[in-house]
Structures are given as C-alpha cells and as structure tokens.
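Good morning, and thank you for the time.

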Amino acid sequence: MSTVTQLDTIASGIAALQGGGGSVATLSTAARASTELLAALPPRYGEVLLNLLDRLESSALFSEESCSFSQKDLLDNLQVWVDKARGQLVS
C-alpha cells in the first residue's frame with residue numbers, strides 16, 4: 001500500500017468518526033499499520049500520531065466528552081496531522 005493510500009485511509013477514518021460513523025478501533029488499527037507512511041515522514045510525525053491515537057483510544061472509553069479527552073478536539077488534531085503529513089509528502 002502506498003504512502004498516499006495509507007494517508008487517505010487515515011483521513012477517511014477521521015472523516016467517518018467526525019460524521020458520526022466509523023470506529024476509533026478501525027482508525028487506530030489502520031493508522032498504526034501505516035508503516036510505509038510513517039517511514040516516509042520525519043520521526044516526530046510518528047511520535048505525534050501515536051500520542052494522538054493513544055488519547056483518542058482513551059477517549060473512546062468514555063460515553064460522553066471528558067474534560068481530559070475531547071474526542072472532537074482529538075479528531076481535529078488528527079486532521080491537522082494528516083494535512084501536515086500530506087504537505088511533507090508533496091515537498
């Protein structure tokens with residue numbers, strides 16, 4: 001699977017969750033399996049992605065928004081990560 005395809009899969013998972021569908025587990029599994037994408041990006045991108053995924057997985061344990069883990073904010077941050085990663089791949 002190409003780096004762009006892996007990035008598109010992550011973006012699709014984020015969009016599905018933002019739209020009220022999809023699952024955190026599916027997104028997290030796909031993102032963690034994106035080894036080619038992570039290898040093509042600077043190391044800090046992997047660190048940030050894994051940190052965001054850990055927090056998103058923790059937020060999924062709560063039925064409502066927690067003051068510590070806002071799922072909406074985490075998804076917004078993941079979308080920013082996707083946008084910046086896409087910029088890195090193009091340059």
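I begin with two residues, Tyr 45 and Trp 81, both of which are buried, meaning under 20% relative accessible area, where over 50% is exposed and anything in between is partly exposed, with a 1.4 Å probe and protein chains only. Before going further, I note that this is a predicted model, in which local features need pLDDT of at least 70, side-chain atom pairs count only at pLDDT 80 or more, and totals for chains, interfaces and linings use all residues. Residues are numbered from 1 along each chain as its sequence is written, and side-chain values use heavy atoms, with hydrogens and water left out.

How many aromatic pairs does the structure hold? There is one. Rings of Phe, Tyr and Trp (its six-membered ring) pair if their centres lie within 6.5 Å; planes under 30 degrees apart count as stacked, over 60 as edge-to-face and the rest as tilted. The ring centres of Tyr 45 and Trp 81 are 6.2 Å apart and the planes stand at 65 degrees, so this pair is edge-to-face. Tyr 45 belongs to helix α4 and Trp 81 to helix α5, 36 residues apart, and the pair thus links distant parts of the chain. Helices here are DSSP runs (H or I, at least four residues), numbered from the N terminus.

Let us turn to helix α1. Its buried residues are Gln 6, Leu 7, Ile 10, Ala 11, Gly 13, Ile 14 and Leu 17. Viewed down the axis of α1, these fall within an arc of 155 degrees, so they line one face of the helix; the arc is that of the directions from the helix axis to the C-beta atoms. They pack against α2 (24-32), α3 (35-40), α4 (43-59) and α5 (71-90), contact meaning heavy atoms within 4.5 Å. After α1 comes Gly 20, with a positive phi near 95 degrees.

In helix α2, the buried residues are Val 24, Leu 27, Ser 28 and Ala 31. Seen down the axis of α2, they fall within an arc of 95 degrees and so line one face. Ala 25, Thr 26 and Thr 29 are exposed on the other side of α2.

Leaving aside residues up to four places away in sequence, Ser 34 touches Gln 6 and Ile 10, both among the buried residues of α1.

Notes. Helix = DSSP H or I, 4+ residues; strand = E, 2+ residues; numbered from the N terminus.
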